[in-house]
Every structure is written in C-alpha cells, then in structure tokens.
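Please look through the structure shown below and keep it in view while you read. The paragraphs that follow begin with the whole chain and then go on to single residues.

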Amino acid sequence: MRAVLCSLLVVSVVCLSGCAATQNNFASKVKAEGEQHLDLSQQWEQGQKDVKNGSSLLVDGRNLIGKGNTKIREGEKLIIVAKEAAQQHRVAFQLMASTLNSAQNGARALVLVERLDDIADLWEDADDMYADGKELIEDGNTNLAEGQSSIEQGQNMLTNGRTRMQQAESQYQQRTGQGLVEQMHLEEQPRQF
C-alpha cells in the first residue's frame with residue numbers, strides 16, 4: 001500500500017512539474033527578454049488563441065454539417081415511407097368507404113365505421129410522419145447553415161491568428177534586427193563539438 005501511495009505521489013509531482021514548465025514558443029522567449037517586447041508577446045499569444053479557437057470552430061462546423069446531412073437523409077427517407085403509407089391508407093379508406101352502402105344492418109355498419117376509423121388513424125399517422133420528415137429536413141438545413149457559418153468564422157480566426165503571430169514575429173525582427181524564430185531553432189539544435 002505504501003509503495004502505491006509513493007508511486008502516485010511521484011507521478012503527480014512529475015505531472016504537476018510538467019504542467020508548470022514554461023512553453024518554448026515565441027511568446028515565452030520574448031517575455032524572457034524583458035518587458036520591452038511584452039506587447040509583441042501578447043499579440044503573438046492572442047494570435048495563438050485565435051488559431052486554437054478557429055480550429056475548434058472548424059471542427060464544430062464540420063460536425064454540424066455532418067449532423068445536418070444525416071438529419072436531411074433521415075427526413076427524406078421518412079417522407080418517402082410516409083407518402084407510401086398515406087397512399088396505401090387512402091386507397092384502403094376509399095375501398096372501405098365504398099362498402100358502407102352495402103351494410104344490411106346497424107351492427108355491420110358499426111363494424112365498417114370502426115374499420116374506417118382505424119384506417120383514418122393510420123392515414124393520420126402517415127401524415128404526421130410526413131410532417132416529422134419535413135421537420136428533420138428543416139433541422140438539418142439549419143445545422144448545415146450553422147456549420148457553414150462556424151467554418152467561415154473558424155477560417156477567419158485561423159487566418160487572423162496566423163497573421164497576428166507573423167506580424168508579432170516580424171515586428172520583433174524589425175525592433176531587434178534578429179529573428180527569434182531562427183534563434184529558437186538554433187538553440188534547439190544539438191551542439192556538435
């Protein structure tokens with residue numbers, strides 16, 4: 001038991017130290033140099049957030065489009081089934097209604113009317129199914145529109161975020177005369193002696 005607790009403690013310390021470690025990106029390198037370039041660091045971080053949010057919007061938009069397409073297909077299938085059922089029940093109702101004239105007594109007429117009522121209920125169910133299919137298609141079209149809007153917003157955020165990041169890097173290079181991105185790349189290379 002003691003060994004399990006110790007190993008859990010070690011794992012949690014390692015995880016926490018990994019979370020607390022600073023990121024090795026443009027913003028962290030610029031912050032480490034001092035406050036003179038803090039605005040560029042913040043601009044780059046905002047661009048990074050925009051890229052992340054834009055990517056999330058793209059995923060959400062694609063999911064909405066997939067969901068919308070599924071609803072549209074289901075709605076179309078439901079409408080086809082509803083039309084066929086309504087046609088069958090309409091024909092059955094008309095046939096049953098034509099036999100009403102041949103009823104010889106009240107008991108037979110009552111049986112025929114009950115059958116007509118049952119057929120009318122089935123016909124009404126088919127009409128309801130048709131309305132449900134149309135509603136599914138409308139919901140699917142709404143999901144498609146929302147998905148397309150989300151994708152457009154995501155693409156705009158991605159583009160704006162990348163532009164912000166590139167502008168911050170470019171302004172840093174103009175201010176200092178050196179490219180931090182290249183400097184970071186060189187620092188990451190193993191030194192050869």
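Of the 193 residues in the protein, 23% are buried, where buried means under 20% relative accessible area, exposed means over 50%, and partly exposed lies in between, with a 1.4 Å probe and protein chains only. This is a predicted model, in which local features need pLDDT of at least 70 and side-chain atom pairs count only at pLDDT 80 or more, while totals for chains, interfaces and linings use all residues. Residues are numbered from 1 along each chain as its sequence is written, and side-chain values use heavy atoms, with hydrogens and water left out.

The accessible surface of the protein comes to about 13500 Å², and 54% of that surface belongs to carbon and sulfur atoms; such areas come from the Shrake-Rupley method with a 1.4 Å probe, and for residues only the protein chains shown count as cover. The protein has 5 helices and 0 strands, and its pattern along the sequence reads α-α-α-α-α. Helices (H or I, at least four residues) and strands (E, at least two) are DSSP runs, numbered from the N terminus. Among contacts between residues at least 6 apart in sequence, 80% join residues at least 24 apart, a contact being heavy atoms within 4.5 Å.

Helix α3 covers residues 38-98, and helix α4 covers residues 106-176.

How many salt bridges does a search of the whole structure find? The search finds 1 salt bridge, the term standing for a side-chain nitrogen of Lys or Arg within 4 Å of a carboxyl oxygen of Asp or Glu. The partners are R164 and D50, whose closest N and O atoms are 2.2 Å apart. Because R164 lies in helix α4 and D50 in helix α3, the pair ties together parts that are 114 residues apart in sequence. The two partners can also be described by their accessibility: R164 counts as partly exposed at 33% relative accessibility, whereas D50 counts as buried at 8%.

Other residues of helix α4 can be followed in turn, starting with S150. This residue lies in helix α4 and is buried, with a relative accessible area of 8%. When residues up to four places away in sequence are not counted, S150 touches L57, D60 and G61. The C-alpha atoms of S150 and R62 are separated by 8.4 Å, although the two residues are 88 residues apart along the chain. N143 also has its place in helix α4, and at 8% relative accessibility N143 counts as buried. Leaving aside its neighbours within four places in sequence, N143 is in contact with L64, I65, K67, G68 and K71.

Which residues does I119 touch, not counting residues up to four places away in sequence? I119, found in helix α4, touches H89, A92, F93 and M96. At 13% relative accessibility I119 counts as buried, and its C-alpha atom is 9.8 Å from that of V91, which is 28 residues away in sequence. H89 has its place in helix α3 and is buried, with a relative accessible area of 17%; leaving aside its neighbours within four places in sequence, H89 is in contact with I119, L122, W123 and A126.

A85 lies in helix α3 and is buried, with a relative accessible area of 15%. The C-alpha atoms of A85 and D127 are separated by 8.7 Å, while the two residues are 42 residues apart along the chain. E114, D117, D118, D121, E124, D125, D127, D128, D132, E135, E138 and D139 form a negative surface patch. Patches are made of residues with over 30% relative accessible area and no salt bridge, with like charges joined within 9 Å and nonpolar side chains (Val, Leu, Ile, Met, Phe, Trp, Tyr) within 5 Å. Asp and Glu count as negative and Lys and Arg as positive, while His and the chain ends are not counted; the place of a charge is taken as NZ of Lys, CZ of Arg, CG of Asp or CD of Glu. E124 lies in helix α4 and is partly exposed, with a relative accessible area of 46%.
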